[in-house]
Every structure is written in structure tokens, then in C-alpha cells.
Amino acid sequence: MTIQNVQSFVAGNWIAPGDGARQIASAIDGRVIAQAGNAALDMQDILDHARGVGGPALRALTFHDRARMLKALALELNKHKDALYELSFQTGATRADHGFDIDGGIGTMFVFASKGRREMPDAQVYLDGQPEQLGKTGAFMGQHICTPLQGAAVHINAFNFPLWGMLEKLAPTLLAGVPAIVKPATDTCYVTELAVRIMAGSGILPEGALQMIAGGVGDLLDRLTCQDAVSFTGSAATAFKLRSNPKLTENATRFVAEQDSLNASILGPDAEPGSPEFDLFIKEVHREMTTKAGQKCTAIRRILVPEGRIEAVSEALSARLAKTVIGDPRDEATRMGALVSNAQKADVLDKVAKIGAEVERVFGNPDDFGLNGDANGAFLPPMLLLCADPDKAQRVHDTEAFGPVSTLLPYRDLDHAIALANRGGGSLVTSVITHDPHVARQVTLGAAAFHGRIYINDRTSMKESTGHGAPMPHMIHGGPGRAGGGEEMGGVRGVKHYMQRTAIQGSPEMLTAIGGTWMPGAEQRDGGAHPFTRTFGDLVIGETIITHARTVTLDDIETFARFTGDTFYAHMDDDAAKRNPFFPGRVAHGYLLLSFAAGLFVEPNEGPVLANTGLDNLRFMKPVSAGDAIHVRLTVKTKTPRNSDYGEVRWHVTLLNQDDEKVAEYELLTMNAY
């Protein structure tokens with residue numbers, strides 16, 4: 001069999017392994033299938049290429065440009081899924097496991113591409129929060145903004161998810177406008193290399209946006225600055241070693257870690273045997289023990305069960321585990337494949353031995369189990385353990401066997417279950433399977449501070465739920481304490497990890513120029529024609545019209561009340577309205593004012609405005625009585641392209657009375673043709 005030379009992709013070139021390259025064995029039969037590593041790589045050249053070539057090219061793009069780039073990359077990877085599947089079998093992963101790693105990774109890129117287009121501006125500056133008025137008149141304002149770091153993001157990934165582990169970091173990094181240097185775990189780097197070849201060969205990425213180091217990183221971390229970032233997934237021991245690098249500390253280089261996690265799942269006290277929740281709990285635990293042969297950072301390591309139900313859970317779970325076919329992942333009958341290597345298999349057995357004094361084995365004998373595969377492969381059975389006294393135990397709360405191993409822990413009451421879950425010292429996820437909202441609330445209030453995610457499932461949500469062990473790109477992935485204290489993903493939150501938040505202070509005109517969003521007090525421009533007659537491309541930020549005034553009459557108020565059925569006393573009963581501290585007497589309906597406002601600023605003839613799609617941030621600021629005259633100031637606040645035919649215009653709308661006092665304010669959304 002030909003041994004694959006896993007190459008590094010640096011400075012635009014593919015570099016073969018060098019002297020001392022490490023051999024990589026197949027998880028399923030132990031044969032050497034690849035080698036990787038080249039100690040001669042120049043780490044400064046790699047950083048210079050990222051900072052000097054990739055970074056400027058990415059920063060020249062807008063968030064929307066980069067989001068379109070992510071979507072194109074995801075589509076390109078999707079075309080090559082079968083090749084990625086075939087290679088990934090050698091890691092011990094089954095076809096079902098590929099769904100988590102390969103499909104999950106590609107799906108994560110799609111989500112970030114979508115969020116980049118929907119939730120971020122078609123600009124190079126991200127406005128973080130609302131502007132703050134820092135002076136009396138509004139002539140001096142403040143606005144937080146986010147801009148890309150001007151260095152490189154170093155991604156050090158774990159062996160268990162060679163594709164998802166790369167893409168869940170890469171997507172927010174590229175969307176932020178920062179080049180990435182990916183260092184995959186050597187055991188599975190051959191899968192990552194194929195994905196990088198697909199992306200690099202597509203022509204979609206700017207030069208220098210993505211590099212990959214197969215093997216060690218040498219003195220790379222010693223060369224990082226405050227403009228770089230490190231995102232690490234792996235063991236707590238390795239994370240501690242890396243984050244202790246003096247240069248990282250000296251330069252305050254950002255370091256995000258996702259590491260060991262003794263995740264717990266709690267069977268709610270209401271979940272009796274035979275209930276949908278009990279059956280769901282057994283299914284969830286079984287899935288987390290067997291998917292990727294238990295090699296998931298989010299897998300359930302501690303199973304918390306009411307004391308009186310330990311036997312029922314043990315029997316039901318053992319019966320389900322007994323039906324799990326273990327063997328060659330290429331065989332369609334296989335339900336659990338191999339661990340990534342025989343070294344990892346030995347590590348799992350070592351950890352089980354350390355836990356051994358505190359537990360008894362309920363199911364799974366590593367020396368005697370049915371195997372539908374090669375005995376030289378890194379196979380183990382799922383192992384279910386029982387710790388009868390979880391209060392006295394220590395190892396079950398601090399030692400993670402990173403494989404198909406989980407321990408049953410009996411609890412007395414819900415407070416006890418929460419305390420046991422928190423004994424893990426911080427985790428990525430804790431779940432509770434319950435149909436009782438009070439149980440869900442109690443667990444959340446007692447445990448949320450110790451866990452990055454609380455997953456709650458029951459008969460209502462189980463058909464749509466994504467599973468205890470599935471981090472979603474929309475939500476944060478990370479956790480406190482033992483879990484590393486970091487955060488990844490979480491939609492736009494994850495993008496901000498690779499950006500600098502800066503407080504900008506100045507006049508509204510200055511802030512408008514910087515952020516690309518019109519701010520009240522900035523210049524109002526005359527477009528020379530009604531803005532509703534001007535195309536999306538012709539409209540400019542700050543373009544404004546001020547309408548003529550319309551006097552509101554008592555007949556207007558009464559007619560609107562009768563027509564809509566809104567006869568609230570403040571509009572119809574003058575004495576009652578005067579008793580209300582907010583009103584001087586009968587007042588106009590707020591929605592009557594909005595209707596009048598539209599009548600004042602709308603251009604009725606057919607034109608480039610295609611549709612009114614929404615109204616945001618509405619506030620009524622001063623009541624309007626019969627006899628008051630209102631007029632409208634309509635200003636182009638932002639413009640966002642949506643496709644080649646039209647774009648979204650966000651208008652700042654202010655209603656003013658005869659004394660130029662603000663009556664109402666809101667943002668109007670329209671779709672305008674180019």
C-alpha cells in the first residue's frame with residue numbers, strides 16, 4: 001500500500017514531509033497509511049505571508065463579500081464529500097460519524113455565510129451596539145465598532161473532528177477578515193489536508209487567507225503578537241502548556257481554549273420508566289457513548305440518575321449497548337467504529353483503570369467483546385460504569401476517558417444532581433431530560449454558571465432537537481474551568497473573537513463616515529428628487545426629505561377609532577384621559593400617526609421602491625392632540641445589497657410636531673430596485 005505524504009500548504013506552496021516525519025496508522029487495521037511533519041518550515045515566512053498577503057486581501061472585502069466566499073467554499077466542499085467520506089473511514093469513523101464531522105463542518109460554513117449576509121453590514125466596519133450621546137446637545141457621540149485583527153489566527157485542532165474542527169474555527173475567522181494558519185492533529189491530518197486542497201484549489205480564497213501546517217509548529221507561538229490569535233482544541237495539559245508561552249503572555253495574544261470536559265446528563269425526577277423522557281434519555285446516552293467511538297468533547301461522561309432508577313437505567317442502557325455492532329466502519333452493519341489509534345485506545349484503558357477504584361463495571365469488557373473487524377485496529381466496546389458513592393469519589397469527576405466510556409451516578413434529589421454536575425469543575429454541556437419546566441429552571445439556575453451550554457429535551461422538542469453532543473454554529477461552544485474558559489461559534493459572537501472592539505468618539509458626521517451608517521446630527525443631503533424615485537444605487541447615506549405638515553383633527557381620531565375598533569379611553573374619553581399622567585386629554589392613536597407619516601413621505605407613483613418589509617425600533621415620545629400639526633423627516637440610514645436586482649434600504653424616520661419636538665421615531669425597511 002502506498003503511504004500518503006501529507007503535505008503542508010504554506011506561502012502558496014505544498015511542502016512534502018521532511019526528515020523525522022511521523023508515521024500515521026489506520027485506526028481500523030493498524031497499517032501505516034501516511035506520514036506528516038517537516039521541521040524545516042520557516043514559521044516567520046508563514047506568518048509574514050498571512051499578515052502581509054492574506055490579511056490585506058481579506059480586509060479589502062466587506063463582510064458580505066466574505067460571507068459569499070464562505071458559501072462558495074461550502075458548496076465546493078459539498079461536491080467532494082464522497083472523497084472526504086472515503087478517506088475519513090481510516091480514522092475509525094462510520095458513515096453516520098461523517099455526518100457530524102464532514103456534513104456538520106460544511107453546514108457550519110453555510111450558517112456563518114448566512115449570518116454574515118443577514119446580520120452583518122455590507123461594509124468593513126461592524127457597529128457593536130447603539131451610539132451613545134456623550135454631550136448635552138448630541139454634537140459629541142460615541143460608538144463601539146469592531147475591525148479585523150491585523151495578524152493571523154493560529155488554529156490548533158484535535159484529532160476527533162478533522163473537518164468540523166477546522167471549519168468551525170475557519171468560518172468565523174475568514175468572515176472577520178483574518179487569515180488562518182491551521183495545524184490539524186497529526187493522527188487525522190490526512191483528512192484535513194484533502195479539505196485544504198479542495199479549498200485552496202478552488203480559486204475562491206485570496207492568496208494567503210488559508211495555510212496548513214502538517215506536523216509540529218516549531219517556534220510559531222513565540223512569534224505571535226497582540227494582533228494574532230490562538231484557538232486551541234485538545235487536552236487541558238496541552239492547553240496549559242501552550243497558553244503558558246511567555247510571548248503569548250507578554251503580548252497579551254488572544255488564546256481561546258476548548259479542552260477536557262466531564263459533561264453530565266441528568267434524568268429528571270419526573271422521568272419514570274416507560275415515559276417518553278426515560279426512553280429519550282436512554283437513546284441520548286447511547287448515542288453519546290457510541291458516536292465517534294465516544295471521542296467527542298461533548299460526549300456524556302457522567303450519567304446522573306435518581307437513586308431509585310439506577311437499576312432500570314442500567315438495564316435499559318445495557319440492552320441497547322449490547323445491540324451495538326462494533327467493527328470496520330466501512331461495513332454498513334457497523335454502528336460503532338474504532339478509536340483514532342491504538343495509542344488512544346491505550347490512553348482510554350489507562351484512564352478507565354484510574355477511575356476503577358471508585359466504580360464497578362456494568363457493561364463492556366475490553367478483553368472480551370464481539371468485533372466485526374480487524375483485531376489490529378483500535379477497537380473497544382462501549383463501557384458503562386457505576387459509581388455507587390459519587391460524593392466520596394474524585395476520579396469520576398476529574399478524569400476523562402476520551403472514548404466510549406460513561407459512568408452512572410445516583411442522586412438523592414435535584415439539588416444533589418446539580419451539585420454532582422458541577423463537581424466536574426466546568427464543562428461544555430450539561431443536559432437534563434425532563435418534562436417538568438420547574439426542574440429545567442432549577443437545573444439552569446443551579447448549574448448554568450458551571451457549563452457553557454444547558455441542553456433540555458423532552459417529548460415536545462425531541463423530534464427537532466439536535467442532540468446533547470451537537471454544538472450548533474448559532475450557539476456558543478465552550479465552557480468555564482476545566483472546559484477551557486473559552487467560547488467559539490455563537491453566530492456573530494464567534495466572529496468578534498477575531499476582531500478588536502474600539503470605542504470611537506466624535507461628532508455624528510465623523511461617526512457616520514467611519515461606520516457607514518447615518519447618525520442623527522450628521523449632515524442631511526438633498527438628493528435633488530424624492531428619494532422614493534431614486535434607485536438603490538443612486539441613493540446616498542444621509543439623503544433626506546422633510547415633508548409638509550398635516551394637522552390632526554378630532555374627527556381624524558374618532559374616524560380612526562371607529563374604523564379600527566381601537567376605542568381605548570385615551571382616544572375617546574377626555575376626562576379619563578386627563579386622569580392619566582401621560583396624557584393632557586384625548587390624544588391621537590400612535591398608529592394613526594404612523595399612517596399619516598406614510599401619507600406624508602410616500603411617493604405614490606410606480607418607482608424603484610418594491611416593498612415595505614418592516615419597521616424597527618419604534619418609540620412614541622410625545623402625545624399628539626387634536627390641533628397639533630405633524631411633519632416627517634425621512635433619511636437614508638443604511639443600504640444593504642440583497643441580490644443583483646434589489647437591495648434593502650433602512651430609513652430613519654422622525655415625526656415632529658409644530659414646535660419641532662419629536663413625536664415618534666422609527667426605522668423603516670424597504671426593498672429598492674437597482
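Guide: Let us begin with residue classes, in which Ala, Val, Leu, Ile, Met, Phe, Trp, Tyr, Cys and Pro count as nonpolar, Asp, Glu, Lys and Arg as charged, and the others, Gly among them, as polar. This is a predicted model, in which local features need pLDDT of at least 70 and side-chain atom pairs count only at pLDDT 80 or more, while totals for chains, interfaces and linings use all residues. Residues are numbered from 1 along each chain as its sequence is written, and side-chain values use heavy atoms, with hydrogens and water left out.

Visitor: What share of the contacts in the protein join residues at least 24 apart?

Guide: A contact means heavy atoms within 4.5 Å, and among contacts between residues at least 6 apart in sequence, 74% join residues at least 24 apart. The C-alpha atoms of S8 and Q211 are 7.8 Å apart in space, although 203 residues separate S8 and Q211 in sequence. S8 is buried at 2% relative accessible area, and, neighbours within four places in sequence left aside, S8 is in contact with N13, W14, I15, L41, M212, I213 and A214.

Visitor: Which residues is R320 in contact with, leaving aside its neighbours within four places in sequence?

Guide: R320, which lies in helix α10 (residues 310-322), is in contact with I282, K283 and H286 once those neighbours are set aside. With a relative accessible area of 35%, R320 is partly exposed. Between the C-alpha atoms of R320 and F601, which are 281 residues apart along the chain, the separation is 67 Å.

Visitor: How are two packed helices described?

Guide: Packed helices are described by the angle and the distance between their axes. Here the axes are lines fitted to C-alpha atoms, for helices over the stretch in contact, and angles run from 0 to 180 degrees between N-to-C directions. Helix α17 (residues 554-564) and helix α20 (residues 590-601) pack at about 110 degrees with their axes 10 Å apart, so α17 and α20 are roughly perpendicular to each other (65 to 115 degrees, against under 35 for roughly parallel, over 145 for roughly antiparallel, and oblique for the rest). In this contact D556, I557 and F560 of α17 meet Y591, L592, S595 and F596 of α20. By class, that contact has 5 nonpolar, 1 polar and 1 charged residues.

Visitor: At roughly what angle do the axes of helix α5 and helix α6 cross?

Guide: The axes of helix α5 (residues 164-176) and helix α6 (residues 189-201) cross at roughly 40 degrees and come within 10 Å, and α5 and α6 are therefore oblique to each other. On the α5 side M166, L167 and L170 meet T192, A195, V196 and M199 of α6. The classes in this contact are 6 nonpolar, 1 polar and no charged residues.

Visitor: Is M489, with its positive phi, buried or exposed?

Guide: M489 lies in strand β22 (residues 486-489) and is buried, with a relative accessible area of 1%; its phi is near 55 degrees. A252, which is not a glycine either, has a positive phi of about 50 degrees, but A252 lies in the loop between α8 (246-250) and β13 (254-258) and counts as exposed at 58% relative accessibility.

Visitor: What volume does the largest pocket have?

Guide: Its volume is about 1300 Å³, and of the 46 residues that line the largest pocket, the closest to its centre are L127, Q130, T517, K637 and E667. On a 1 Å grid over the protein atoms alone, a pocket is an open set of points where a 1.4 Å probe fits, with protein on both sides within 12 Å along at least five of seven lines, and lining residues have an atom within 4 Å of a point. Grid points are joined across faces, edges and corners, and the volume is the space filled by probe spheres set on the points. The lining of the largest pocket divides into 17 nonpolar, 14 polar and 15 charged residues.

Visitor: How do the residues that line the second largest pocket divide?

Guide: They divide into 12 nonpolar, 13 polar and 12 charged. The second largest pocket has a volume of about 880 Å³, and of its 37 lining residues the closest to the centre are F159, F232, G234, S235 and T238.

Note on methods
Helix = DSSP H or I, 4+ residues; strand = E, 2+ residues; numbered from the N terminus. Buried < 20%, exposed > 50% of the residue type's maximum accessible area, 1.4 Å probe, protein only.
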